[in-house]
There are 2 protein chains.
Amino acid sequence: MLDLPHPLVLASGSPRRRELLSGVGLRFAVRPAGIDETPLSDEPPQNYVRRLSTEKAAASMDSPLASPAEMVLAADTTVEAKGEILEKPLDSDDAYRMLRLLSGRDHLVHTGVTVSVPLAGARRSSTILVTTKVTFADLDDATIDWYLATGEAMDKAGAYGIQGVAGAFVERVDGSVTNVIGLPLAETLALLRESTST
Amino acid sequence: MLDLPHPLVLASGSPRRRELLSGVGLRFAVRPAGIDETPLSDEPPQNYVRRLSTEKAAASMDSPLASPAEMVLAADTTVEAKGEILEKPLDSDDAYRMLRLLSGRDHLVHTGVTVSVPLAGARRSSTILVTTKVTFADLDDATIDWYLATGEAMDKAGAYGIQGVAGAFVERVDGSVTNVIGLPLAETLALLRESTST
């Protein structure tokens with residue numbers, strides 16, 4: 001579907017990003033970058049995900065395993081509900097709090113995607129922001145408890161995965177669906193294509 | 001998540017509808033209904049899917065295996081592009097034609113969902129229509145050929161599956177995502193709940 005002129009590195013440990021990229025036939029190495037993910041004080045979520053995806057790409061290129069010939073793809077996804085940034089829940093109570101906050105209203109999912117390519121001895125980095133609006137049905141306590149018992153909530157920003165059984169909570173999406181999973185595929189493929197066409 | 005007062009029968013052979021329903025913890029028997037799926041002349045797609053879901057539910061209840069105590073759930077999904085109804089492709093050329101038609105533009109996905117419940121010796125049937133707008137990226141011939149080679153296109157209305165690798169073609173969705181897979185889950189659960197509350 002897309003032939004890349006350089007070896008590709010995915011600077012993310014997310015199994016969902018890996019599956020999305022493998023699904024479209026891309027081959028890549030996985031090299032997650034450990035960075036400080038604390039938001040700056042009053043940092044808007046859009047700036048936060050752009051900054052984190054840029055920092056993840058940079059950290060991955062600083063790794064002793066990195067090669068100057070590689071392209072790096074990094075991403076960061078966050079959920080914004082009533083102005084609050086929702087990251088992965090700390091524990092089951094935190095997940096309950098997030099799902100209660102999402103119940104019966106709209107929220108936004110923001111992903112920053114960064115592609116860094118080798119260019120005449122230097123590198124060129126490009127970052128995009130993709131935002132999707134998601135509307136949840138009303139969730140009663142029994143439904144939230146049932147969902148927490150499935151174990152799906154804990155490793156996901158905002159405490160849900162649209163591709164899992166929480167798909168039943170999502171009344172509507174306005175925008176990219178793969179963005180809500182963690183990597184907006186159509187936009188990411190376009191960015192990879194543009195970044196490698198000279 | 002939802003306790004039903006009657007045994008549930010799914011009048012559909014679609015593995016995707018089965019997975020969506022199982023995913024939310026429902027138990028059900030599967031009894032696909034064979035009906036004539038030819039559209040009436042000039043039948044609008046919205047009427048077509050409502051009529052077919054109603055007829056599928058009725059045919060399933062006419063089966064010698066049916067019991068008056070059962071609830072029946074039936075659904076029919078179709079894709080409408082430039083006013084044309086796209087069903088499952090007849091062959092690879094037909095799938096190519098459909099994907100070329102979808103490329104770079106919006107289309108609509110319509111699902112009719114019918115629930116029939118036993119009610120004081122009789123039955124009550126309710127049918128809803130759910131419509132989602134889907135926007136495809138531009139697809140070049142190499143991408144379409146690559147997709148046809150995956151084999152994903154052939155058993156799906158409109159020749160694509162949003163939950164598969166064709167998710168990469170979908171720039172945006174406006175509305176229910178599970179509707180595009182073949183069964184709008186939030187709306188179907190609400191219909192099951194309403195149909196069984198007296």
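Modeller: In this predicted model, strand β7 (residues 170–175) of chain A pairs with β7(B) in the antiparallel sense, over 3 bridges. Within that pairing, A:Asp174 stands opposite B:Asp174, and A:Gly175 has B:Val173 as its bridge partner.

The contact between the chains involves 24 residues of chain B and 24 residues of chain A. On the side of chain B that touches chain A, at least two residues each come from α4 (141–150), β7 (170–175), α5 (177–181) and α6 (185–196). The largest share, 6 residues, is that of β7(B). Sorted by class, this side of chain B has 14 nonpolar, 7 polar and 3 charged residues. Because 100% of the interface residues of chain B are also interface residues in chain A, the copies meet through the same surface.

Inside chain B, β7(B) has a further partner: strand β6 (residues 122–136) of chain B pairs with it in the antiparallel sense over 4 bridges. Here B:Lys133 stands opposite B:Asp174.

Elsewhere in chain B, strand β3 (residues 71–81) is largely enclosed by the rest of the structure, because 9 of its 11 residues are buried. Strand β1 (residues 8–10) of chain B runs parallel to β3(B) and is joined to it by 3 bridges, with B:Leu8 opposite B:Met71. Strand β5 (residues 106–119) of chain B runs antiparallel to β3(B), and 9 bridges join the two; one of the paired positions is B:Ala75, whose bridge partner in β5(B) is B:Val113.

β3(B) also pairs with strand β4 (residues 84–86) of chain B, in the antiparallel sense and over 3 bridges. In this pairing B:Ala81 stands opposite B:Glu84. The hairpin of β3(B) and β4(B) has 2 residues between the strands, and B:Lys82 takes a positive phi near 50° there.

Conventions. Residues are numbered from 1 along each chain as its sequence is written. Chains are lettered from A and ligands numbered from 1 in the order in which they are written. This is a predicted model: local features need pLDDT of at least 70, side-chain atom pairs count only at pLDDT 80 or more; totals for chains, interfaces and linings use all residues. Two residues are in contact if their C-beta atoms, placed from the backbone, lie within 7 Å. Ala, Val, Leu, Ile, Met, Phe, Trp, Tyr, Cys and Pro count as nonpolar, Asp, Glu, Lys and Arg as charged, and the others, Gly among them, as polar. Two strands pair if DSSP finds at least two bridges between them. A residue is buried if 20 or more other C-beta atoms lie within 10 Å of its own, exposed if 12 or fewer, and partly exposed in between; C-beta atoms are placed from the backbone.
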